[in-house]
Amino acid sequence: MGRFRAVGVGVASLSVAALSAACMSGGDKDAKVDAARAKASNMAAAASEKKAETQVAAKAKANELGQIPVIMYHRIIKNPPPGDDRTPEQFRAELERLAKEDYVPITAAEYVTGKIGIPAGKHPVVLTFDDSSPSQLTLDGMGNPMPDTAVGILMDVAKKHPGFRPVATFYVIRDLFGMAKPEEQTQVLAWLKDHGFDIGNHTHDHLNLLGKPEKEVEEQIASGQKMVTSLIKFSPVTLALPYGNQPHNKKWAMKGSAAGTSYDFRGVFLAGYTPAPSPYTKDFDPVGIPRIRSKEKVGDCVKFCSTAWLDWLNANATDRFTSDGNANTVAFPKFKAPFVAAPFAAQALPY
């Protein structure tokens, strides 16, 4: 009798185990079905989102592989001598033109890192200022920019044109906006940083790096880097070469160290000549990024300065960078696809 019960219990246990296995098998099937449905739903949602993004890009005629003007300024002063300086009136007029032609300022750091987040249909422009002159930024006793300085004019134009970001990049040297005391230097650099402006390296002494040995090149750039980092918690990510002259080995300007200070830039800027390529294209060369001198059509500037190039970009709109309004995608007409740089292939949005 006891033996019979033991056998019966074993049979019952097997039946329960079989039933449990059957239930588990059914549960696994249900889970797989749910996972498949979720995957299909996510794919459908992604496809729908991409279709909507493509439609927006097409409507805006986006071309994020197009050219970007990087404009170079020096002093903004009354009665400037022949050269690269501009009057307050000339500077204001150029900013007004940029605003009316749908340009939106971005910083050099945003440009070289590909973080270009501006509205659909708008065009980026990079405003750069060399040599950290008092005419670019002087603060009054309350910490406000003097109205006739470059920053004062830029902020005033931005107020009149909503969407025209008051940002720029200042390439500083030891003459930090005419400030002699470290406390004053800290004040002006901190003001720029706190108000969304970008600070770049222009070497410590504005030394022409052409023909200089590697050690001297690195000392000048590292000293310029230390000058900024010792005053505020900010490390420049771009360099503007004095006079636009590259050292014997271009890579010396990009990465190096001296006296315990190192630098590793994302971009090195030249002094003039042409609009710059989009950072999303294969043409982008971080070691030698061109800039445009700010100047009307006179002399060699008939073709190669800001007025001439802005005219050209306006007349050749399909060659100009036009945003799709989405910082996470790189939109462009399909036939331009071969020019997309590999790091941005996953963000490509051809239409």
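Contact here means heavy atoms within 4.5 Å. The model is predicted. In it, Pro88, Phe91, Arg92, Leu95 and Glu96 of helix H2 meet Ala150, Ile153, Leu154, Asp156, Val157 and Lys160 of helix H4.

**Packing of H2 and H4**
- The axes of H2 and H4 lie 10 Å apart, at an angle of about 35 degrees.
- H2 passes H4 in a right-handed crossing.
- Seven nonpolar and four charged residues form the contact of H2 with H4, with no polar ones.

**Nonpolar cores**
- The largest nonpolar core has 35 residues, of which Leu95, Leu98, Leu127, Phe170, Val172, Phe177 and Leu189 touch the most other members.
- Beyond its neighbours within four places in sequence, Leu98 is in contact with Ile71, Tyr103, Val125, Leu127, Phe164 and Leu310.
- Another core, of 24 residues, lies apart from the largest one and includes Ile68, Ala108, Val340 and Phe344.

**Helix H6**
- H6 spans residues 214-229, and its 16 residues reach 22 Å from first C-alpha to last, close to the 22 Å expected.
- Val217, Glu218, Gln220, Ile221, Ala222, Gly224, Gln225, Met227 and Val228 are the buried residues of H6.
- The cover over these buried residues includes strands E4 (169-172), E5 (198-201), E6 (238-240), E7 (255-258) and E8 (261-264), together with helix H7 (251-254).

Notes. Residues numbered from 1 in each chain as written. Predicted model: local features only at pLDDT ≥ 70, side-chain atom pairs only at ≥ 80, totals over all residues. Heavy atoms only, no water. Helix = DSSP H or I, 4+ residues; strand = E, 2+ residues; numbered from the N terminus. Expected span 1.5 Å × (residues − 1). Buried < 20%, exposed > 50% of the residue type's maximum accessible area, 1.4 Å probe, protein only. Core = buried A, V, L, I, M, F, W, Y, C linked by side-chain atoms within 4.5 Å. Axes fitted to C-alpha atoms, helices over the stretch in contact; angles between N-to-C directions. Left-handed = near helix turned anticlockwise from the far one by under 90°. Nonpolar A, V, L, I, M, F, W, Y, C, P; charged D, E, K, R; others polar.
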